[in-house]
Amino acid sequence: MISRTFAAPRALVFKAWSSAEHMKRWFSPEGYTVPAAEIDFRPGGVCAICMRSPEGQDIWSKGVYIEISPPDRLVFTSGVAIGDSPKFTARTTVTFEDDGAGTRMTVHQAYDIHDESFLAAVAGAPEGWRTTLDKLEQEVARIQAPERRSVVHASFSLERTYDAAPAVVFHALSDRAAKARWFEGGDGYALLEREMDVRPGGRERVSGRWTSGTVSTFDAVYYDVVPNERLVYAYEMHLDDRKISVSLATVELTPAGTGTRLVVTEQGAFLDGYDDAGSREHGTGFLLDRLGASLQG
């Protein structure tokens, strides 16, 4: 068992446990990082965290949430296996109590050891938690800090050639049912909402939840619609309640033999510290490939 007092309200400290975005910043001992995490923050949801050692070895801890009672109590299981060999499992209970102007957080773990060679790792857990909670203090302070306002600009252009006439491709871009066959996140994505009205002044909105629990929302307004030739629209992207970008997109269609050459050009403004790291361009390419597959189908 280990306790720590944070100079922050319980709801804020509890929030630092609630998403992959937060957990990737702090849930690992000193010297380790978290390159990947899957957090489905609900009872029965998945809690899977990859910790990378200083030597570059990835160790996955995988379990489920048993109890989520904000901002008082959190219970989840976790287990470490290497290959098909389980090493240990644990049940972690975290409590959050008011402590003057802050929060007293206590972590209690109960272990089942499946491989005695991991007894030393379990014995070292209190020290690992101590350095992990040092990182949690930094994450709580980051959440508390006034939001840093910034804008980073980026642009890209992608091209595809499809074995379908421009009218067919335009239909796949502008018809609600046709676009639904390719414009979504793929594996790990569950659609929540879809609206579409392709005309000057019309709107399109697509929202879905990822396995991490994060909800992404695409919210667009069309400004120029030339059937079979061009679409121009502006759109916002949100992750949960956070607006991460505003972009202007142009889609141009030209005949290429019996097929169609499509060019997408985007100019984006990424907001308040959001690090795109090329993910928008990669995601757009993924969607264009899905468009091509839907045209073949």
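How many disulfides does the structure hold? The structure, a predicted model, holds zero disulfides, a disulfide being a pair of cysteine sulfur atoms within 2.5 Å. Cys-47 takes part in none, and the nearest cysteine sulfur, that of Cys-50, is 13 Å away.

Residues are numbered from 1 along each chain as its sequence is written, and side-chain values use heavy atoms, with hydrogens and water left out.

The chain comprises seven helices and 14 strands, assigned as DSSP runs numbered from the N terminus (helices H or I, at least four residues; strands E, at least two). The C-alpha trace spans about 70 × 45 × 35 Å along its principal axes. Of the 297 residues, 44% are buried. The accessible surface amounts to about 15300 Å², with 51% belonging to carbon and sulfur atoms; areas were computed by the Shrake-Rupley method with a 1.4 Å probe, and for residues only the protein chains shown count as cover. Among contacts (heavy atoms within 4.5 Å) with a separation of 6 or more, 46% involve residues 24 or more positions apart.

The chain carries 32 positive and 42 negative side chains, and the centres of the two sets lie 2 Å apart. Lys and Arg count as positive and Asp and Glu as negative, while His and the chain ends are not counted; each charge is placed at NZ of Lys, CZ of Arg, CG of Asp or CD of Glu.

Strand β7 (residues 102-113) runs antiparallel to strand β1 (residues 2-6), to which five bridges join it; strands are taken to pair if DSSP finds at least two bridges between them. In this pairing, Ile-2 stands opposite Val-107 of β7. Strand β6 (residues 85-99) is also antiparallel to β7, through twelve bridges, and Arg-91 has Ala-110 in β7 as its bridge partner. The hairpin of β6 and β7 has two residues between the strands, and Gly-100 there adopts a positive phi near 65 degrees.

Methods
Predicted model: local features only at pLDDT ≥ 70, side-chain atom pairs only at ≥ 80, totals over all residues. Buried < 20%, exposed > 50% of the residue type's maximum accessible area, 1.4 Å probe, protein only.
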